[in-house]
Amino acid sequence: MIVYTPPAPAKTIPVIDFLGKDVPREIHKACRETGFFYVANHGVPQALISAQFDCARRFFELPASEKLALHMKNSASTAGYEPIGGQILDSQDASAEKAPPDLKESFYIAMELPDEHRWAQKKIRSFGHNQWPELAGFREQMLAYQAAVRALGNRVLAMLALSLELPEDFFVPFYDMPGTTLRLLRYPPHPRAALANQLGAGAHTDWGGITLLVQDELGGLEVRNVEGDWIQAQPVPGTFVVNLGDLMQRWTNRVYRSNMHRVKNNSSTQDRYSIPFFYSPRPDSRIECMPTCTDERNPPKYPPCTAAEHTYEMFRRSYGFSPSASQRSAM
């Protein structure tokens, strides 16, 4: 039983060495205070990470017409290109004033599946229907990186389970056919003429299970602590930034935090690049309060739901459209 006590406000984001001692305890503390931590000695080769950034730069340097030909709306799983201004992450509350569009462009890669695969045929987000640019070695690099970061994600999930006093393999059946989205992001130099409250990525929480991020040296990621203060997630060489999504917060009955974060390119002259990997349970997974996160004084705060039900609603709020009812019912 994890006895609830109020978390303390974090002033920094911890670096957790995966080769160190008592990793679950360190993760538990970080997930209660900020929902963010860095992972060092993660096992993903630096050469593979560097090649991933090279591919991102090559893609975003393509002519606009070639990128738009791969628009995400052309994919049954919404994999593909998203132009600048295509997403609004801030002010997801319908009653709030609508925020300006985000100052970023991106490219989504779903799990690579043949069209005849039963999950690809469901035509749901994160499964198949990738669109690939005509860049030598691009597809091969994306898939190699995706496999490496998925393996790291499994190690993170095992440590998360132990940090919650659950069996190390607790998450395995939920991730046997996971929702995976690899995203390349380019934030142009922040313009002087930007609208009020217009950022590279407005303040938001991630939607799913966990996110594993590498960022370039420019920085710009900011995280809100439990006191409501924004702290910098400065680039730390040789690490991934790990944060929890809304489903993990729901699963843990708010013992762990899915925390607000935002991005502003700190440079007025250079592009900023980052590469998040969103790793979520299989869409038909039933998400209900973990047994170690509830007792008589702390009953479950959320009704059970599937992973897909939550994701589709968040996608609709952010983009203004969502997969059709027939696609959702395929779950």
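Predicted model: local features only at pLDDT ≥ 70, side-chain atom pairs only at ≥ 80, totals over all residues.
Which residues is Leu182 in contact with, leaving aside its neighbours within four places in sequence? Residues are numbered from 1 along each chain as its sequence is written, and side-chain values use heavy atoms, with hydrogens and water left out.

View 1. Strands (E, at least two residues) and helices (H or I, at least four) are DSSP runs, numbered from the N terminus. Leu182 is in contact (heavy atoms within 4.5 Å) with Gln52, Phe107, Tyr108, Ile109, Met142, Tyr145, Gln146, Ile275, Pro276 and Phe277. Its relative accessible area is 0%, so Leu182 is buried (under 20%; exposed is over 50% and partly exposed in between, with a 1.4 Å probe and protein chains only). Met111 lies 71 residues from Leu182 in sequence, with 8.5 Å between their C-alpha atoms.

**View 2. Pro101 in the loop between β3 (80-82) and β4 (105-110).** Pro101 is partly exposed, at a relative accessible area of 29%. Between Pro101 and Gly200, 99 residues apart in sequence, the C-alpha to C-alpha distance is 8.7 Å.

**View 3. The open sheet of 4 strands, in the order β6-β11-β8-β9.** Pairing, which requires at least two DSSP bridges between two strands, is antiparallel in this sheet. The edge strands β6 (201-204) and β9 (230-232) each pair on one side only. Strands β8 (residues 221-224) and β11 (residues 261-263) are joined by 3 bridges, and Leu221 stands opposite Val263 in β11.
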